[in-house]
Each structure stands twice: as C-alpha cells, then as structure tokens.
Amino acid sequence: MNRREFTGALFALGAVALSPIACSPSQGARKEIDPNLTVFLSDIHICGEMNEGKSLHYPNNPISLKEQVNKILSLNPLPANVFIFGDVAWDYGLEEDYIYAKELLQPLKEAGIQITLGLGNHDRRAAFFKVFPEYEQTTKVAGRVVSVVELPYADFVMLDTLSELPELPPRKSTNVSGELDEVQLEWLKRFLAESKRPVFLGAHHPLGDLPALTELITHSPIVAGFICGHLHIWSKKAYLLRPRKPERMIPVVELPSTFYGDIGFATFRMDPQGAILSYSSQGFWWPEPAQNPPPQWEARQKDLANETCRFIFNKI
C-alpha cells in the first residue's frame with residue numbers, strides 16, 4: 001500500500017467512525033448528534049455594515065447571536081438541525097448582512113449541524129440568494145425560499161411568507177405583514193395531499209397574516225403544528241379547527257428573537273408519538289440590554305423558565 005492509499009484508508013475509517021458524532025470547535029471535544037433534536041431560532045437581525053469592527057446598526061445583535069450559538073454548541077448531545085425562522089438581516093436585507101450572518105453561524109455548521117434558513121419581512125431574496133445560492137437550487141418553489149427537512153418521524157416545511165414589493169429600491173422597507181403566494185399555496189396543497197407522515201409547518205409570519213394557509217391547515221389533519229417568529233415574543237396557543245374535535249387542535253408557537261423582547265431559543269425533541277418544544281429563556285430586554293434591568297424584565301424571564309408545548313401526531 002502506497003502513501004496515498006494508506007492515507008485514503010485512514011480517511012475512510014475516520015469517516016465511518018465519526019459519522020454519528022461531531023467535534024466542537026471551541027472545546028475540541030466529540031459530541032454525539034441526536035437526529036431527534038432540533039433547535040429553533042428566529043429574528044436574529046444581523047447588520048453587516050461595520051463601524052470600527054462593530055455592526056453599524058444594533059451592535060448587540062451579533063453578540064447575542066454568538067451567545068445563543070455557544071449555548072447550542074454546549075448541548076450534549078448536539079441537535080442535528082437548527083432552523084431560523086426569518087429576519088436574518090437587520091432591516092433591508094443587504095448582501096453584507098447575510099455574509100456576516102453566515103460567518104456567525106459557521107460554528108454550527110462546523111459542528112455537523114444542518115442549518116435551515118427562512119425569510120422574513122426584513123430579508124430580500126436577491127441578496128439572500130447571492131450569499132446562499134444553494135437555496136435557489138433546492139427550493140421547492142422557484143423564486144421563493146421553501147425547504148423540506150425530513151426529520152426521523154415527521155417532515156418540517158419552512159415556507160416563505162416574505163411579501164416583497166416589486167422593484168423595491170435599496171434601503172427601503174417592504175410590507176411588514178406576510179403572505180403566502182398562490183404558487184406556493186398550490187405546491188403545499190399537493191405536498192400535504194401526498195405526504196404519508198406528519199408534517200410541521202413553519203414560517204416567519206403568524207397565522208393571523210396568512211388566512212389562506214389557515215384555511216388549508218383546517219382541512220389537513222396531517223399537519224401536526226405551526227411554528228413562526230416575527231413578534232419577538234414567546235407564545236403558545238391552540239388553534240381549534242372546525243369541526244371542533246379534540247384531535248383537530250393544532251398547537252401554534254411564536255418564537256423569541258435574539259434581538260429584543262424575549263431572548264433565547266427553543267429545543268424541539270421528537271419521538272414516534274409526537275414532539276415537545278421547550279423554551280430556553282436567555283433574558284428579556286427592550287430595546288436593548290440594560291446594566292440594571294427593571295424588575296419586570298427579570299419577572300418575564302422567570303415566568304418563562306419552564307415553558308413547553310407538546311405536539312401529538314394524529315393517526316394517518
């Protein structure tokens with residue numbers, strides 16, 4: 001065996017041995033990756049324009065995101081997936097925002113964690129596709145950012161509810177509210193009709209912005225839950241469908257941000273019967289952290305200390 005063959009054999013053995021585990025870049029320690037564990041983040045609002053080495057706008061946002069990334073990397077086992085439910089960019093969806101966000105999220109990727117990004121009203125598709133061209137190739141709906149992630153016991157669909165005004169000039173805001181366009185809605189109808197497994201739906205905007213999606217969920221018993229961001233406040237509720245039968249109750253969760261409001265992430269653990277979403281509260285602030293926070297902020301964090309939401313799979 002020559003040197004090249006010997007090296008190749010070692011690499012092959014290493015690849016097999018390390019397939020279920022990952023190396024933490026910060027600690028250099030190996031950790032298992034749990035395919036049934038996913039982490040949800042939302043509204044990270046990263047500004048890539050720099051001033052003296054700091055983000056020009058909202059300089060605390062990268063610091064806050066780094067803290068959440070480090071906390072995720074401290075989990076043992078590590079999650080197989082991290083989903084980010086839109087508003088990746090700070091305000092106008094600039095290309096440099098996505099470049100910086102990609103850099104900040106790189107430690108997760110290096111640890112072997114798959115990252116799935118969604119779009120919110122502060123994002124812009126053209127700039128996003130420049131920095132993340134793979135989404136333009138893998139999207140389920142051309143011109144949109146629509147992803148399907150196959151989890152062990154269910155599929156997760158990340159929808160694109162960005163309502164982007166046509167010919168929008170740079171540094172101009174688009175519609176704050178969301179929409180699900182007709183092409184995307186028709187694709188989703190076909191996907192749900194053909195699916196043989198439970199399906200979770202995710203988007204940046206809440207169901208209140210998406211009446212057509214709400215109507216579709218009403219007639220889709222295969223949908224196990226709906227997750228969104230946008231409001232920067234952790235909230236869980238039950239959406240009662242007609243006819244009002246107990247098994248037709250859909251849990252709906254609105255996620256925190258890493259920007260302002262409720263700060264943190266949620267862990268999503270799945271088994272054959274369903275899933276449980278647990279909120280990891282890292283604080284509350286408005287509009288930015290304070291050295292001596294008011295007692296109301298601390299009370300909010302204590303109230304959310306053990307927040308969970310359970311999802312039960314219907315028989316298909």
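Two strands are said to pair if DSSP finds at least two bridges between them; strands (E, at least two residues) and helices (H or I, at least four residues) are DSSP runs, numbered from the N terminus. The model described here is predicted, so local features need pLDDT of at least 70 and side-chain atom pairs count only at pLDDT 80 or more, while totals for chains, interfaces and linings use all residues. Residues are numbered from 1 along each chain as its sequence is written, and side-chain values use heavy atoms, with hydrogens and water left out.

Six strands form an open sheet with mixed pairing, in the order β7-β8-β9-β10-β12-β11. Because β7 (147–150) and β11 (235–240) stand at the edges with a single partner strand each, one side of each has no neighbour in the sheet. On average, neighbouring strands of this sheet are turned by 20 degrees against each other, direction ignored; the axes are lines fitted to C-alpha atoms, for helices over the stretch in contact, and angles run from 0 to 180 degrees between N-to-C directions.

A hairpin connects β13 to β14 through two residues, and D262 has F284 in β14 as its bridge partner. Strand β14 is also joined to β15 (residues 308–312) by five antiparallel bridges.
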